[in-house]
Amino acid sequence: ILFVLLSIILFLPFNNTSAAALYTDVQDSYEAKAEFDFLAEQGIVTANPKEAFGINETITRLQAVQLLAGALKLDYENAPVVLFKDVAEDDEHLPLISAISHANIMKGNEKGEFRPHDALTRAQMANILVKTFGLSGTSNHQFKDVSKTSSASLAVQILVANKITAGYSDNTFRPGIAVTKADFAIHLARVLNSDFRASVVLPEITPAQP
């Protein structure tokens, strides 16, 4: 009987996906549940089934920093302090912001401001992910709203080459719009775990009519 039971267990399909809700808005039916499960397993997000993650909310620069710090296992308690005009010296987030700045991942602007509560755009997300994780690669795919001369063009192409992003079905990347918290989390999961890139399919480009 024991042999039979062991045989059944060994041949059961293995599934990493948790069967429990992570947040009120990340239930088992959520299309990116596996990505969120992975981030929770890695300690990058902290599950709380009684609260919402805010999947459709715009992610701020500070919230992006928090996720990146978790992914990098960043030791921000001992990082050199980097002061910004809009971050008080007694701000609880200053050590984290300082560590990210000191690591040359996210810097302040020419006015010496970090702008922690500003929305992060999709172009900025592309640049940050490529820079943070040292991604490289080339792609011939061109989104119709990403100029080859734009500051995010190279980063977007690298994300495409690594199957981390596919843009939208109308072949736009929409670099200037704000990133949602879910969108940033999903892209981060794809960077960290290539298994999540299998579902990334680029939109077909219709050839221009002569």
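This is a predicted model: local features need pLDDT of at least 70, side-chain atom pairs count only at pLDDT 80 or more; totals for chains, interfaces and linings use all residues.
**Entry 1: the whole chain**

Of the 210 residues in the protein, 42% are buried. I then listed the secondary structure and found seven helices and zero strands. Read from the N terminus, the elements run α-α-α-α-α-α-α. I also checked contacts between residues at least 6 apart in sequence, and 70% of these join residues at least 24 apart.

**Entry 2: helix α3**

I turned to α3, which covers residues 61-72.

Next I asked how many of the 12 residues of α3 are buried. Nine are, so α3 is largely enclosed by the rest of the structure. I wrote down the buried ones: Arg-61, Leu-62, Ala-64, Val-65, Leu-67, Leu-68, Ala-69, Gly-70 and Ala-71. These buried residues pack against α4, α5 and α7.

**Entry 3: after the end of α3**

Just after α3 comes Lys-73, with a positive phi of about 55 degrees. I noted this angle because most residues other than glycine have a negative phi. Lys-73 is not a glycine. Its place is the loop between α3 and α4, and α4 covers residues 94-102. Is Lys-73 buried or exposed? Its relative accessibility is 56%, and the cut-off for exposed is over 50%, so Lys-73 counts as exposed.

Lys-163 sits in the loop between α6 (153-161) and α7 (181-192). Its relative accessibility is 38%, so Lys-163 counts as partly exposed.

**Entry 4: helix α5**

I moved on to α5, residues 122-133. With 12 residues at 1.5 Å each, α5 should span 16 Å. Its end C-alpha atoms are 17 Å apart, which agrees. The buried residues I listed in α5 are Arg-122, Ala-123, Met-125, Ala-126, Ile-128, Leu-129, Val-130 and Thr-132. What covers them includes α3, α6 and α7. After α5 comes Gly-134, with a positive phi near 60 degrees.

**Entry 5: Arg-122**

I stopped at Arg-122, which belongs to helix α5. Its relative accessibility is 3%, and therefore Arg-122 counts as buried. Which residues does Arg-122 touch, not counting those up to four places away in sequence? I found Thr-165, Gly-167, Tyr-168, Phe-173, Arg-174, Pro-175, Ile-177, Val-179, Asp-183 and His-187.

**Entry 6: α3 against α5**

Two packed helices are described by the angle between their axes and the distance between the axes. I looked up both for α3 and α5. Their axes come within 12 Å and cross at roughly 20 degrees. Angles under 35 degrees count as roughly parallel, so α3 and α5 are roughly parallel to each other. Their crossing is right-handed.

I then listed who makes the contact. From α3 come Leu-68, Ala-71 and Leu-72, and from α5 come Ile-128, Leu-129, Thr-132 and Phe-133. Sorted by class, the contact has six nonpolar residues, one polar residue and no charged ones. I compared this with the burial lists: Leu-68 and Ala-71 are among the buried residues of α3, and Ile-128, Leu-129 and Thr-132 are among those of α5.

**Entry 7: α5 against α7**

The crossing of α5 and α7 is right-handed.

The α5 side of the contact is Arg-122, Met-125, Leu-129 and Phe-133. The α7 side is Asp-183, Phe-184, His-187, Leu-188, Val-191 and Leu-192. I counted classes again and got seven nonpolar, one polar and two charged residues. Asp-183 and His-187 of α7 had already come up among the residues that Arg-122 touches.

Conventions: Residues are numbered from 1 along each chain as its sequence is written. Side-chain values use heavy atoms; hydrogens and water are left out. Axes are lines fitted to C-alpha atoms, for helices over the stretch in contact, and angles run from 0 to 180 degrees between N-to-C directions. Helices (H or I, at least four residues) and strands (E, at least two) are DSSP runs, numbered from the N terminus. Angles under 35 degrees count as roughly parallel, over 145 as roughly antiparallel, 65 to 115 as roughly perpendicular and the rest as oblique. A crossing is left-handed if the near helix is turned anticlockwise from the far one by less than a right angle, and right-handed if clockwise. Contact means heavy atoms within 4.5 Å. Ala, Val, Leu, Ile, Met, Phe, Trp, Tyr, Cys and Pro count as nonpolar, Asp, Glu, Lys and Arg as charged, and the others, Gly among them, as polar. Buried means under 20% relative accessible area, exposed over 50%, partly exposed in between (1.4 Å probe, protein chains only). The expected span of a helix is 1.5 Å times one less than its number of residues.
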